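Keep the viewer open and follow along.

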Amino acid sequence: MHSRNGVQIVAEYQLGTVRLVVAHGASATQRSSLLRPAPRSARTGSVVNFTGFAIVNAANEAGLGGSVVDGEVNARGGGQLRAAREVMMEAQRGGRIPTGQALSTGGFNLPCQFVVHAVGP
């Protein structure tokens, strides 16, 4: 463990262009000071063909698969992804993912390792 900007850092992970910092006892201001801009790149093509670490799925609040991108992610991910989403939603209080929040599952039949199911406005 070490300290940065007066915050105790428990662990740091770099996964491609994603950096995860686990901090202990930090205020919101201190947490924001830990964020560093990540290198950005743009790709074209379908999200279901992405071969990186994770994709972000445009999920609905029900979390079980909708139409357009969410439907395609669900279909391509296969039965294991659908089952994981059902288990994920059973564990979710109120049975919904609030707008602005996200939950994750494995990628299963998708070429990525994880799917982040994010609900936007």
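What follows covers the model itself, its sheet, an aromatic pair and an asparagine.

## What you're looking at

This is a predicted model, where local features need pLDDT of at least 70 and side-chain atom pairs count only at pLDDT 80 or more, while totals for chains, interfaces and linings use all residues. Residues are numbered from 1 along each chain as its sequence is written, and side-chain values use heavy atoms, with hydrogens and water left out.

## The sheet

Three strands make an open sheet with mixed pairing, in the order S4-S6-S5. Strands here are DSSP runs of E, at least two residues, and helices are runs of H or I, at least four residues, numbered from the N terminus. Two strands pair if DSSP finds at least two bridges between them. S4 and S5 (102-106) are the edge strands, each pairing on one side only. Ignoring direction, neighbouring strands are turned by 25° against each other on average (axes are lines fitted to C-alpha atoms, for helices over the stretch in contact, with angles from 0 to 180 degrees between N-to-C directions).

Now zoom in on S4, residues 54-59. S4 runs parallel to S6 (residues 114-119), over 6 bridges. Ile55 sits opposite Val115 in S6, and Ala59 has Val119 as its bridge partner there. In a regular strand, side chains alternate between the two faces of the sheet. In S4, the covered face has Ile55, Asn57 and Ala59, and the uncovered face has Ala54, Val56 and Ala58.

## The aromatic pair

The structure has 1 aromatic pair. Phe53 and Phe114 form this tilted pair, at 5.2 Å centre to centre and 50° between the planes. For the cut-offs, rings of Phe, Tyr and Trp (its six-membered ring) pair if their centres lie within 6.5 Å; planes under 30 degrees apart are stacked, over 60 edge-to-face, and the rest tilted.

Phe53 is in the loop between helix H1 (28-34) and S4, and Phe114 is in S6, so the pair ties together parts that are 61 residues apart in sequence. Phe53 counts as partly exposed because its relative accessibility is 32%, and Phe114 does too, at 35%. Buried means under 20% relative accessible area, exposed over 50%, and partly exposed in between (1.4 Å probe, protein chains only).

## Asparagine 74

Asn74 lies in helix H2 (residues 68-91). Is Asn74 buried or exposed? At 9% relative accessibility, Asn74 counts as buried.

Leaving aside neighbours within four places in sequence, Asn74 is in contact with Leu64, Gly65, Leu81, Arg82 and Arg85 (contact means heavy atoms within 4.5 Å).
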